[in-house]
Amino acid sequence: MRVLHTSDWHVGRTFHGRDLLTEQEAVLSGLADVISDEHVDVVVVSGDLYDRAVPSSEAVETCVRVLGRLRAAGAQLVVTPGNHDSAARVGAFGEFAAAGGLHLRTRISELHEPVLLDDEHGPVAFYGIPYLEPDPARQVLDSTTGAPGAGAVEKRGHEGVLTEAMNRIRADLAARTDATRSVVLAHAFVTGGDTSDSERTIAVGGVDHVPGAVFDGVDYVALGHLHGPQRLAEHLRYSGSPVAYSFSEAAQRKSVWLVDLDATGLSEVRRHELPVPRELATVRGELEALLSEPEYAAYEDCFLSATLTDEVRPVDAMRALQERFPHAVHLEWQPAGGRATAELRYSEAVRGRDDPAVAEGFVADCRGSEPTDGERALLAEALHAVQIAEVRE
């Protein structure tokens, strides 16, 4: 059996305010070609199908189209919710969807009940662990101790609930035929994984890491949550997100894992890189150089983050940048001398100064240059208007 491991679609997410639905649909729909070309039997999505618990109608429609294309390409689909999803919404009509090849594993009380799919060697059990928020998940698990292998949650935090979840899965697997191979979908932060700037923290009481040993005893663990593709062990991997969601991911090679299971278990895992709908780039320099130097031409079609080093903060810099770089989305000002990063103390800034001097000093500190005569006149007019309003009150 060949399994395609993906996760963290975050359908509906924006990139610094830019809509990404078109890019997301293009990349995710392209997985249908991978399914056909690589003869994929099952696609697993390990959490964060959507970017929010209540996705927009456009995000839902996009996701429905993508899942439909993947199913039409011939693969069964197994999906679990992540920390961005609403498990109840993702799992709605799950019993009916399973009849069409879309298996939604969203209930904590049923995480030990696998989706069973057969190949020429026998059954493969797909166990979906929905994202387990420690305290609510603990209550559910402690109230369902009648399941095979079930017990009370012994440790607090993510490690405790995931340990109990895996105990139940291993107990169910042990009761099955020796020919049953196993794949676990889990959305968690496993010790040793590398983070990026676009993951939402799942720390509880300062502890969000889970030891990889928690997942021992199964053939393959398809992890979700971290957005960079990575291998923690041969059977323990993150696929990462299919699209970059922060500039910290600029160097990542977005991909999915193709996982082969033979008669005895895990046989081979291969990486399949995904297309990049729009490259990310970061530049640093003075505004005039960024707008005129030919060396920056290669970035004109990229999502761009620019750091300006001008001694004086340029006026309307983003508008100017976007004339050459229409996809510039992030801007910082860090003057070469480093003056703007110096710590300012309010008491020192206002001591012995009247209101006009304080206002003019604020402009100078923010922009790196003293206000012009025209700006001083505007500041004086604004302060006078405030004084009149205070008198009238």
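Start at the largest cavity, whose volume is about 40 Å³. A cavity here is a set of points, on a 1 Å grid over the protein atoms alone, where a 1.4 Å probe fits but cannot get out. Points are joined across faces, edges and corners, and the volume is the space filled by probe spheres set on them. The structure holds one cavity of 30 Å³ or more. This is a predicted model: local features need pLDDT of at least 70, side-chain atom pairs count only at pLDDT 80 or more, and totals for chains, interfaces and linings use all residues. Residues are numbered from 1 along each chain as its sequence is written, and side-chain values use heavy atoms, without hydrogens and water.

Select the lining (an atom within 4 Å of a point): Ile129, Pro130, Tyr131, Leu132, His158, Val161, Leu162, His187 and Ala188. Its largest share, three residues, comes from H7. Helices are DSSP runs of H or I, at least four residues, and strands are runs of E, at least two, numbered from the N terminus.

Next, select H6 (residues 134-142) and H7 (residues 157-174). Their axes, lines fitted to C-alpha atoms over the stretch in contact, come within 9 Å and cross at roughly 35°. Angles run from 0 to 180 degrees between N-to-C directions.

Now show the side chains. Pro134, Ala137, Arg138 and Leu141 in H6 meet Gly157, His158, Val161, Glu164 and Arg168 in H7, with contact meaning heavy atoms within 4.5 Å.

Finally, zoom out. The protein has 12 helices and 19 strands. Along the principal axes, its C-alpha atoms fill a box of roughly 85 × 50 × 35 Å.

Terms used. 1 Å grid on protein atoms, 1.4 Å probe; cavity = no way out; pocket = protein on both sides within 12 Å on 5 of 7 lines; lining within 4 Å.
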